[in-house]
Amino acid sequence: MQLSYIQRTFHFNFAAYTSRGTLLERTCWFLILQDNEKLYIGECAPIPGLSPEPLELIPDELDAICRFFNAHHHFPPINTHIFPSIAFAVESISKQISNLQSSLLYPSSFTTGTDGISINGLIWAGSREKVLKQIDEKIDARFPCIKIKIGALPFEEEIEILKNVRQLYPQIEIRLDANGAFAPDEALDKLEQLA
């Protein structure tokens, strides 16, 4: 068994606004374990400004993990507080190995293609007009649930958007994703207003 990693940068086909800035691209790393004919892949995909790990240290950490694994044939302990994305990649590979299924964590009717998974329609942050346009598109596409990224616009404006959505589409489940946009001393008050 041989462990290695690759790095890939993915370029967004739109500016992805979040509470912490705009994403135009995203760098991800993939741990790859080759075992004869089988290939096990674990994704390490932190988001700049949102994930806690120091992105510049990830290649060195992955390199050390690969050297350790290739010498000892098991993974070293991973500090999940400093490198949660790396821990996810290692756990993914470990789960695939325990299932004896390359690139498959949990065999299910979804992984065989016989059943689907209900998901939410993601609404990226942006101007009021862009947010409302995305919401209309997701409703037209028959999503029963929308997940709106908040924290990029003034809070009062986001409240008005949510009131508008609730009034126009009372049947829609609404989820919110603030990604740490609210300071601890204001979060509870904002949650009460959102409720």
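## Close-up views of a predicted model

**Ile 146 faces Ile 174 across the sheet.** In this view Ile 146 stands opposite Ile 174, which belongs to strand 6, and the coordinates shown here, as in the other views, come from a predicted model. Strand 5 and strand 6 pair in the parallel sense, and their pairing extends over five bridges. The open sheet to which they belong has three strands in the order 4-5-6, with parallel pairing. Its edges are strand 4 and strand 6 (173–177), each of which pairs on one side only, and from one strand to the next the twist averages 25°. Helix 4 lies across strand 5 and strand 6, and its direction makes an angle of about 165° with that of strand 6.

Helix 3, which covers residues 128–140, has 13 residues and reaches 18 Å from its first C-alpha to its last, close to the 18 Å expected at 1.5 Å a residue. The buried residues of this helix are Val 131, Leu 132, Gln 134, Ile 135 and Ile 139. Seen down the axis of helix 3, these buried residues fall within an arc of 160°, so they line one face of the helix. An α-helix has 3.6 residues a turn, so residues three or four places apart point the same way. Glu 129, Lys 133 and Asp 140 are exposed, and they are carried on the face of helix 3 turned away from its buried side. What covers the buried residues of helix 3 includes strand 4 (121–123), strand 5 (145–149) and helix 4 (155–168).

**Arg 142 lies in the loop that leads from helix 3 to strand 5.** The place of Arg 142 is in the loop between helix 3 and strand 5, and the residue comes just after helix 3 with a positive phi of about 70°. That positive value is found here in a residue other than glycine. Arg 142 is exposed, because its relative accessible area of 74% is above the 50% cut-off that defines exposure.

Ser 118 lies in the loop between helix 2 (84–98) and strand 4. With a relative accessible area of 70%, Ser 118 is exposed. Although Ser 118 and Phe 143 are 25 residues apart along the chain, their C-alpha atoms are separated by 8.6 Å.

Strand 1 and strand 2 pair over 13 bridges, in the antiparallel sense, and one of the facing pairs is Gln 2 opposite Gln 34 in strand 2. Strand 2 (residues 21–35) also pairs with strand 3 (residues 38–44), again in the antiparallel sense, over seven bridges. Along this second pairing, Phe 30 has Glu 43 of strand 3 as its bridge partner, and Asp 35 has Lys 38 of strand 3 as its bridge partner. Strand 2 and strand 3 form a hairpin with two residues between them, and in that turn Asn 36 has a positive phi of about 55°.

The place of His 73 is in the loop between helix 1 and helix 2. Although His 73 is not a glycine, its phi is positive, at about 65°.

**The whole chain sets these views in context.** The protein chain has five helices and six strands, which follow the pattern β-β-β-α-α-β-α-β-α-β-α when read along the sequence. Its C-alpha atoms fill a box of roughly 60 × 40 × 30 Å, taken along the principal axes. Of the 195 residues in the protein chain, buried residues make up 33%. Among contacts between residues at least 6 apart in sequence, 60% join residues at least 24 apart. The mean pLDDT of the protein chain is 89, and 96% of its residues reach 70 or more. Confidence is highest in helix 1 (residues 58–72), at 97, and lowest in strand 1 (residues 2–18), at a mean of 89.

Conventions:
Residues are numbered from 1 along each chain as its sequence is written. This is a predicted model: local features need pLDDT of at least 70, side-chain atom pairs count only at pLDDT 80 or more; totals for chains, interfaces and linings use all residues. Side-chain values use heavy atoms; hydrogens and water are left out. Helices (H or I, at least four residues) and strands (E, at least two) are DSSP runs, numbered from the N terminus. The expected span of a helix is 1.5 Å times one less than its number of residues. Buried means under 20% relative accessible area, exposed over 50%, partly exposed in between (1.4 Å probe, protein chains only). The arc is that of the directions from the helix axis to the C-beta atoms. Contact means heavy atoms within 4.5 Å. Two strands pair if DSSP finds at least two bridges between them. Axes are lines fitted to C-alpha atoms, for helices over the stretch in contact, and angles run from 0 to 180 degrees between N-to-C directions. pLDDT is the predictor's confidence in each residue, from 0 to 100.
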